[in-house]
Amino acid sequence: NVGYWTPLDNDENKLIYVLAYPSREARDKAWTAFFGDPEWQRVQRASEAEGKLVDKVESRFLEATDYSPTIEPSQGGDRIFELHTYTTTPGNLDALNERFRNHTMKLFKKHGMTNVAYWTLLPDQEGADRTLVYLLAHASKEAAEKSFAAFRDDPDWIAARKASEEKAGGSLTEKDGVKSVFVQATDYSPIR
């Protein structure tokens, strides 16, 4: 159990969570055992006595980037998180990772943001060669907006972005390829 979050604006009643496994095979074995566990079956029946709780499940298989911080359980209090998904222009995931590894993470920290984790999709998934997913923590949504405003105006960021885009021959992300959602940890999340 890594973390469990709900979006601040949760019109779709979503629960977002991250689980870690030693391998894909270990994941498959764990889920088979979980679904076969009599206690789980009892809890599921009882909780769904008046109808299904889950409408749909979407899964992505992620692996940490080489520059991702080690994920540790934390009790950060009332902080909020921001989940980002970047879709790169063709062939530019390595360039985006390089920019995060060498510049962006340090600048996030400089401007008061906490780098929690950075992932790419496992290779057998659609978009694996173009997707970066990462999680930041902030004191509040207002603090996040203030931090990002300062980050965008930072001359070091402007120079790093310009250099990476010149090297790549254009933007590293596709049009509308940056998605962000503010999320809050549940009361049972190991990361809070």
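## Basis and overall layout

The model is predicted, with local features needing pLDDT of at least 70 and side-chain atom pairs counting only at pLDDT 80 or more, while totals for chains, interfaces and linings use all residues. Residues are numbered from 1 along each chain as its sequence is written, and side-chain values use heavy atoms, with hydrogens and water left out.

The secondary structure of the chain comes to five helices and seven strands, where helices (H or I, at least four residues) and strands (E, at least two) are DSSP runs numbered from the N terminus. Read from the N terminus on, these elements follow the order β-β-α-α-β-β-α-β-β-α-α-β. The C-alpha trace of the chain spans about 55 × 35 × 30 Å along its principal axes. Of the 192 residues of the chain, 35% count as buried; here buried means under 20% relative accessible area, exposed means over 50%, and partly exposed lies in between, with a 1.4 Å probe and protein chains only.

Strand 6 pairs with strand 4 in the antiparallel sense over eight bridges, a pairing being counted if DSSP finds at least two bridges between two strands. Within this pairing, Thr131 of strand 6 is the bridge partner of Thr87. Strand 6 also runs antiparallel to strand 5 (residues 114-121), to which six bridges join it, and Leu136 in strand 6 is the bridge partner of Asn115.

## Aromatic rings

A pair of aromatic rings is described by the distance of the centres and the angle of the planes. The structure holds 19 aromatic pairs, counted for rings of Phe, Tyr and Trp (its six-membered ring) whose centres lie within 6.5 Å, with planes under 30 degrees apart called stacked, over 60 edge-to-face and the rest tilted. The rings of Tyr67 and Tyr118 have their centres 5.4 Å apart and their planes at 55 degrees, so this pair is tilted. Tyr67 lies in the loop between strand 3 (62-64) and strand 4, and Tyr118 in strand 5, so the pair ties together parts that are 51 residues apart in sequence.

The rings of Phe148 and Phe151 have their centres 6.0 Å apart and their planes at 90 degrees, so the pair is edge-to-face. Both of these residues, Phe148 and Phe151, lie in helix 4, three residues apart, which is about one turn of the helix. The table gives the accessibility of the residues in these two pairs.

| Residue | Relative accessibility | State |
|---|---|---|
| Tyr67 | 10% | buried |
| Tyr118 | 0% | buried |
| Phe148 | 10% | buried |
| Phe151 | 5% | buried |

Ring pairs link Tyr67, Tyr86, Phe100, Phe108, Tyr118, Tyr134, Phe148, Phe151 and Trp157 into a cluster. Another ring, that of Phe61, has the charged end of Arg24 over it, 3.8 Å from its centre; a charge sits over a ring if NZ of Lys or CZ of Arg is within 6 Å of the ring centre and within 35 degrees of the ring normal.

## The second largest pocket

The second largest pocket has a volume of about 340 Å³, a volume being the space filled by probe spheres set on grid points that are joined across faces, edges and corners. On a 1 Å grid over the protein atoms alone, a pocket is an open set of points with protein on both sides within 12 Å along at least five of seven lines, and lining residues have an atom within 4 Å of a point. The lining has 19 residues, of which Tyr86, Phe151, Trp157, Arg161 and Val178 lie nearest the pocket's centre.

Strand 4 (80-88), helix 3 (93-110), helix 4 (141-153), helix 5 (155-168) and strand 7 (173-185) each supply at least two residues of this lining, and the largest share, four residues, comes from helix 3.

## Two positive phi angles

Asn13 has a positive phi of about 55 degrees although it is not a glycine. Asn13 lies in the loop between strand 1 (3-7) and strand 2 (16-18) and is exposed, with a relative accessible area of 67%. Asp176, also a residue other than glycine, has a positive phi near 60 degrees; Asp176 is found in strand 7 and counts as exposed at 57% relative accessibility.

Key: On a 1 Å grid over the protein atoms alone, a cavity is a set of points where a 1.4 Å probe fits but cannot get out, and a pocket is an open set with protein on both sides within 12 Å along at least five of seven lines; lining residues have an atom within 4 Å of a point.
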